[in-house]
Amino acid sequence: MKRLAFVASAAAALSSAPANAQNTCEAAAFSEADTNGNGWVDQSEFAAFVMPNCGLDFGEANVLFAVSDNDMNGVLDAVEFWRAIQRLFV
Ligand SMILES: [Ca+2]
Ligand SMILES: [Ca+2]
């Protein structure tokens, strides 16, 4: 019982207040970055997400966006977004 309560509180802490920015970045959710919920992450949404969560500056965010937009339609779909985040960890 005690252990269960500990696990539950740890999970709650993780979901509400990540220990550091990198954890947030690694657990990046497309739906979180897509703040207007239109199914795409545009350049400003991408920058707004990765700058605080992944520690990139504005220039780096824009470069990462550009190289990750594979079909060059100006927005990232879920796959392109995920690949962009993966690039930060390889
Ligand atoms: Ca969007
Ligand atoms: Ca695209």
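Modeller: We will go from the overall layout to the core, and then to one backbone angle.

Modeller: This is a predicted model, where local features need pLDDT of at least 70, side-chain atom pairs count only at pLDDT 80 or more, and totals for chains, interfaces and linings use all residues. Residues are numbered from 1 along each chain as its sequence is written, while chains are lettered from A and ligands numbered from 1 in the order in which they are written.

Biologist: Which elements does the protein chain run through from the N terminus on?
Modeller: Helices (H or I, at least four residues) and strands (E, at least two) are DSSP runs, numbered from the N terminus. Here the order is α-α-α-β-α-α-β-α, giving six helices and two strands.

Biologist: Which residues have the most contacts inside the largest nonpolar core?
Modeller: In soluble globular proteins, nonpolar side chains tend to be buried together. A nonpolar core joins buried Ala, Val, Leu, Ile, Met, Phe, Trp, Tyr and Cys residues through C-beta atoms within 7 Å; buried means 20 or more other C-beta atoms within 10 Å, exposed 12 or fewer, and partly exposed in between, with C-beta atoms placed from the backbone. This core has 15 residues, and Phe-46, Val-50, Ala-61, Leu-64, Leu-76 and Phe-81 have the most contacts inside it. The helices α4 (43-54), α5 (58-68) and α6 (78-87) each supply at least two of its residues, with the largest share, five residues, coming from α4.

Biologist: Where is Met-72?
Modeller: Most residues other than glycine have a negative phi. Met-72 has a positive phi of about 50°, and sits in the loop between α5 and β2 (75-76). Met-72 is exposed, with 7 other C-beta atoms within 10 Å.
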